[in-house]
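Visitor: Please walk me through this one, and tie each term to the cut-off behind it.

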Amino acid sequence: MPSRFVINSRNLFPPEETDGDVDDDGTSINGDAEVTRTSSLLVKDRMKGSKLYLVLLLATIISSSFAQLCNLEKQSGWYRCQGLTSLAQLASLPDSVVGLRLEKSNISSIPTDAFSRFAGSLIELRITGCSLEKIEDDAFRSLDKLETLDLSNNRIVAIETSWIRGLSKLKELIVLRNRIRKIDQEFYVLLPKLELLDIAYNELVDCITEENLKKLKDLKLVLIAGNPWSYRCRSGMTYALKRSGINWIKDWSVSDLLIEECLAHEPNADTDDEILQKCVDRKSFESISPILPALEKKVETLSMKIEELRNEVNDLKKKN
């Protein structure tokens, strides 16, 4: 049995020549031990090789999965990532990222210094449609080159100075379609270079005062539509924005004139928000009531035409 093992082992893994004694068939007296030792070493080497192979394989799989999550866009240094569940999955990206767009992901919070390793190069960061709710203090700290921050289509409830601080070069802040109810007062001082502010379609009620608008010296455009601003707030902001020379998009249009009329002629409307709102609502109804009969006739006519078209389509289907 030993000699058979020695012969097979020697065929597979020939032992090195030795100066030791040999037996009659030319086999080393210590051949069994030598071959066993050699075989053991080779097995260990192969095991090490297997472990290394597994490590390399896992690294390749992980790298491949990151590649699927984050893709290099046409412009060098700009990346688009989708399907993330954690910001840790950005570990495969280089430190020299210039633009980063995270979308269609599930990122509920942004921790402190989340993007600090991109501080030397990042100028645009977009985190949109990611169910983002919480932004921790100094989440964007050290991003002193960042010019665009887009956090639209998330669940943010306030613009806090705790995470705005440090973005002194920011030119565009986009928080469209969130749940924002409050803007910290210090916000206006911390962003002296801001040119675009998009706060449309949130839950803002409190006015943006003319005093705060003046602090945003470079502001060129503000989008404020889709918020439940109070009527008094709308009136004040209208004049403040016009006097500041800031372009703006609103959604109360003809209500401006009604607000002015109520403030001028409705008793106590200039001091009581509830009276002002009721006055504007009443006058809005009064302004459209004369045309209601004509609108009803048009709606009835259109309904009849739709029904006729529906019948024609059904007839054609039957013929075919």
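Guide: Helices (H or I, at least four residues) and strands (E, at least two) are themselves DSSP runs, numbered from the N terminus. In that scheme Glu-103 stands opposite Thr-128 in β5. This is a predicted model, where local features need pLDDT of at least 70 and side-chain atom pairs count only at pLDDT 80 or more, while totals for chains, interfaces and linings use all residues. Residues are numbered from 1 along each chain as its sequence is written, and side-chain values use heavy atoms, with hydrogens and water left out.

Visitor: What makes β3 and β5 a pair?

Guide: Pairing asks for at least two bridges, and 5 join β3 to β5, so they qualify. These two strands run parallel. They belong to an open sheet of 9 strands with mixed pairing, in the order β1-β2-β3-β5-β7-β9-β11-β12-β13.

Visitor: Which are the edge strands of that sheet?

Guide: They are β1 (70–72) and β13 (247–249), as each pairs on one side only.

Visitor: Why is the link between Glu-103 and Arg-80 called a salt bridge?

Guide: The term needs a side-chain nitrogen of Lys or Arg within 4 Å of a carboxyl oxygen of Asp or Glu. The N to O distance here is 2.7 Å, so the pair passes. Glu-103 in strand β3 (residues 99–103) and Arg-80 in strand β2 (residues 78–82) are 23 residues apart, and the pair links distant parts of the chain.

Visitor: Are these two side chains buried or exposed, and how do you know?

Guide: Buried means under 20% relative accessible area, exposed over 50%, and partly exposed in between, with a 1.4 Å probe and protein chains only. Glu-103 has 11%, so it is buried; Arg-80 has 31% and is therefore partly exposed.

Visitor: How many salt bridges does the rule find?

Guide: The count comes to 17. One of them joins Arg-141 to Asp-113, with the closest N and O atoms 2.7 Å apart. Arg-141 is partly exposed at 38%, and Asp-113 is partly exposed too, at 26%. Another joins Lys-278 and Glu-274 at 3.4 Å, N to O. Those residues are separated by about one helical turn, because they are 4 residues apart in helix α8 (residues 273–288).

Visitor: Why is Thr-161 called buried?

Guide: Its relative accessibility is 10%, so Thr-161 falls under the limit. Thr-161 is found in helix α3 (residues 161–164). Contact means heavy atoms within 4.5 Å, and, not counting residues up to four places away in sequence, Thr-161 touches Asp-184, Glu-186, Phe-187 and Leu-190. Leu-190 is 29 residues from Thr-161 in sequence, yet the C-alpha to C-alpha distance is 7.8 Å.
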